Amino acid sequence: MRDLEDLAAWMQSRDVERDDLAPSTLPDPTFICDGRELVSFSSNNYLGLANSARMKTRAHAALDQYGVGNCESRLLGGNLQIYEALEARLAEIKHKDAALLFATGYLTNLGVLPTLVKAGNLARAFGYKPWANWKHAFFTDEFNHLSIREGIRASGAPAFAYKHLDMDDLDQKLESSPAQIKIIATDGVFSQHGDIVPLPDLMQIAERHDATVYIDDAHGTGVLGPTGAGTTEHFGIDSPRIIHMGTLSKAYGCIGGFVATEPHIVEILRFGCSAFGFTSTLPPDQAAALLEALDIVRDEPERRQRLWDNQRYFVRRMCGAGFSLISTETPIVPLHVGNEGQCMRIAAALREAGIHVDAIMFPAVSAGQSRLRFIMNAQHTTGQIDRVIDALGRTAA
Ligand SMILES: Cc1ncc(COP(=O)(O)O)c(C=O)c1O
């Protein structure tokens, strides 16, 4: 494997140090690493649910009832009532009639997007005769999450990347496409940028071109909208052309992914999506914890309130101190740095000051667009936020 030795040598020679952080506790939002306490500004545990007492109690009961794992695909003998109960709740929050669970959000995108294109071909093997040879095409924001881009690639359908949030570019690309089935794929909240898709404009364009809209709302679900239902609720939009995708690993504090959509599409995914049928799903205690998480998000809006209070305080103080923020719309607030080595050095200096923040670099963002991605959390105190700004001031001085 001389190619890998060669590659490893090149990686070592780069001006970028590997981040070897391996804490012994979860960020809550403080955590212990090598005997030191650090404050995390990098976790997607937006509402502080990952260590929720209510969720742990519910998960403990499910561990006793079901055991630690589910060693079978749901398509075979691995289905459980608790998964169906969770799917029903997930469908409800997205105002849809059906939902389907996956082991992770990444797997959801990797599995669902190709199946939207390939399910018809698979069904041919069982005797299905479509009345047309449909031509599909994807239209994808250039900064969509990698799992969307990989899912689209796996579909084999032509894909047209439009400029980030540029609705005119999207419109033109749809206009010039001869495809009969057009699918627009977008993050709801962009994970590395923190900005929100301009959904009202995008929906108008989708209507005009009769396109389906696939929204990955990993970072909007639980966070945006009056009840935390996500980006569509934030804009007050509901449409049968939307396929909602979400992750359970962020605001809900657990693991898993889902789509919520029309029942016939869920049935097609159940039949044709190997990421659903040829793998095991999340363990039942996670499903139990998630049912509790959905109740908490409904019953305790003050968590979301605290998250947004913290977000506004951080943004106000950062802007006041003259820092160049990439966006200020959501709890993901990235600080532009540019150079990768410099980004790692600032992250290391913050670490020295007891603060952990992720340095985001290529391929998560374009080369030269490195950033420190601050993620706000309902549990941060103003004192912890002040510490970041003071430490950044010292680092930049
Ligand atoms: C926009 C987006 N989609 C999908 C995923 C994958 O989700 P998961 O971590 O639940 O697999 C992420 C994870 O960071 C994400 O940010």
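Predicted model: local features only at pLDDT ≥ 70, side-chain atom pairs only at ≥ 80, totals over all residues.
Begin by colouring the protein chain by domain, with residues 16-45 and 301-396 as domain 1 and residues 53-298 as domain 2. The centres of the two, taken over C-alpha atoms, are 28 Å apart, and the contact between them draws 16 residues from domain 1 and 13 residues from domain 2. To see the domain 1 side of that contact, select α12 (301-320) and β10 (332-338), the elements that contribute two or more residues to it. Of these, β10 provides the largest share, 3 residues. Colouring this side by residue class shows 9 nonpolar, 4 polar and 3 charged residues.

**Around the ligand**

Next, select the ligand and display the 14 residues that surround it, of which the closest are Gly 105, His 145, Ser 191, Ala 218 and Thr 247. Which helix gives the largest share of this shell? That helix is α4 (residues 105-124), with 3 residues. By class, the shell around the ligand consists of 10 polar, 2 nonpolar and 2 charged residues.

In soluble globular proteins, nonpolar side chains tend to be buried together.

Now centre the view on Val 259, which, leaving aside its neighbours within four places in sequence, is in contact with Ala 99, Leu 100, Thr 108, Val 112, Ile 243, His 244, Met 245 and Leu 269. One of these, Leu 100, is also the bridge partner of Val 259 in β9. Select both strands to follow that pairing: β3 (residues 98-102) and β9 (residues 257-261) run antiparallel and are joined by 5 bridges. Strand β3 is largely enclosed by the rest of the structure, because 4 of its 5 residues are buried.

**The hairpin of β1 and β2**

Move to strands β1 (residues 30-33) and β2 (residues 36-40), which pair in the antiparallel sense over 4 bridges. Phe 31 stands opposite Leu 38 in β2. There are 2 residues between the strands of this hairpin, and Asp 34 takes a positive phi near 50°. Strand β2 also pairs with strand β11 (residues 355-356), in this case in the parallel sense over 2 bridges, with His 356 in β11 as the bridge partner of Ser 40.

Most residues other than glycine have a negative phi, and most peptide bonds are trans. Select Asp 28 and Pro 29, which are joined by a cis peptide bond with omega about -5°; Pro 29 is in the loop between α1 (2-13) and β1.

Then go to His 95, in the loop between α3 (81-93) and β3, where phi has a positive value near 55° in a residue other than glycine. Is His 95 buried, exposed or partly exposed? His 95 counts as partly exposed, because it has 14 C-beta neighbours inside 10 Å.

The last stop is Leu 165, in the loop between β5 (159-162) and α6 (167-175). Leu 165 is not a glycine, yet its phi is positive, at about 60°. With 19 other C-beta atoms within 10 Å, Leu 165 is partly exposed, since a residue is buried if 20 or more such atoms lie within that distance.

Key:
Residues numbered from 1 in each chain as written. Domains from an automatic or database assignment. Contact = placed C-beta atoms within 7 Å. Nonpolar A, V, L, I, M, F, W, Y, C, P; charged D, E, K, R; others polar. Near = placed C-beta within 6 Å. Pairing = 2+ DSSP bridges. Buried ≥ 20, exposed ≤ 12 C-beta atoms within 10 Å, placed from the backbone.
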